[in-house]
Amino acid sequence: MRGSKWDQRLRRADELAAAHPFAAEGLRFYAQLAGFQKSLYEGLGPGNGVLQGDWDHTVLLPWFAPFLRLIQQIAPQPLAQSTASLSAAGESRWTVLLDDFWRGNAEEHDPAESLLAWAFLQPYAEHLADHLAPTEFHGTPSLCPLCNGLPLVGVLRPQGDGGKRSLICSLCAHEWDFRRIVCVACGEENVEKLPVYTAEQLPHVRVEACDTCHHYIKTIDLTKDGHAVPVVDELAAIPLSLWAVERGYEKVWGNLLGV
């Protein structure tokens, strides 16, 4: 019995934390956060809003104070301090932050507050996406076809003698097909400008970079490790993130650890 996708994520975080001490602290933080996200996801019912529409203030706001209390307890000190300040600001401030993030105006807030808004709203958006009627999309867009969100991580799934590439949305977690040899950020197709890097510790995780726009995305190669859970394994690949930053690449979308 595989359990829910949230259970799979939590189980994978525990496995990777035990196997890779360099990522253990971040994965333990993620596991506690994901436990809250799972409760929020499972506590929602159908009809609690629409993607690219209004979010349900009545349903979500009662969850936000407990969310902030949890983050203050488990987060690294800088994020915990930002969370305490936001907690003290009160419900009207929370509403503005969440509304701005949901409408795509996250740049109006400092990065820590935007990270908090994303971590809180992500399971809500995922719940909405999971309850949409199946829709057929054409083409391979670089933004999520459901919510217009940026991709968080790429995936290579077995297909024939190779791997089929897809992207997972940073907000609603929808997965959609994407071309294998093309930059997610700028559309560059020249293979000589699209270097790929891996690390010995996690050979199934790839940094797919672009020397034209200097962005990168991490991709989880399920042809090499079929047990990987992309959104979790991406978090564990901290050495690859640090390597990419040192060489001047910027991530398409930062993860919950800020890398």
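The model is predicted, so local features need pLDDT of at least 70 and side-chain atom pairs count only at pLDDT 80 or more, while totals for chains, interfaces and linings use all residues. Residues are numbered from 1 along each chain as its sequence is written, and side-chain values use heavy atoms, with hydrogens and water left out.

Student: How are α1 and α6 oriented to each other?
Tutor: Helix α1 (residues 5-19) and helix α6 (residues 111-130) have axes that come within 13 Å and cross at roughly 140°. Axes are lines fitted to C-alpha atoms, for helices over the stretch in contact, with angles from 0 to 180 degrees between N-to-C directions; helices (H or I, at least four residues) and strands (E, at least two) are DSSP runs, numbered from the N terminus. Angles under 35 degrees count as roughly parallel, over 145 as roughly antiparallel, 65 to 115 as roughly perpendicular and the rest as oblique. The orientation of α1 and α6 is therefore oblique.

Student: How many residues of the contact of α1 with α6 are charged?
Tutor: The contact (heavy atoms within 4.5 Å) is made by K5, W6 and R9 of α1 with Q122, P123, E126 and D130 of α6. Ala, Val, Leu, Ile, Met, Phe, Trp, Tyr, Cys and Pro count as nonpolar, Asp, Glu, Lys and Arg as charged, and the others, Gly among them, as polar. The division is 2 nonpolar, 1 polar and, as charged residues, 4.

Student: Which side chain makes a polar contact with the side chain of E208?
Tutor: E208 lies in strand β5 (residues 202-209) and is buried at 10% relative accessible area (buried is under 20%, exposed over 50%, partly exposed in between, with a 1.4 Å probe and protein chains only). A polar contact is a pair of N or O atoms within 3.5 Å; within protein, one must be able to donate a hydrogen and the other to accept it, and residues adjacent in sequence count only if both atoms are side-chain atoms. At 2.8 Å, the partner of E208 is R165.

Student: How many disulfides does a search of the whole structure find?
Tutor: A disulfide is a pair of cysteine sulfur atoms within 2.5 Å. The sulfur of C144 is 3.6 Å from that of C172, its closest, which is too far for a bond. For C186, the nearest cysteine sulfur, in C213, is 3.7 Å away. The number of disulfides found is 0.

Student: What is the phi of N148?
Tutor: N148 is found in the loop between α6 and β1 (151-159) and is partly exposed at 48%. Although N148 is not a glycine, its phi is positive, at about 70°.
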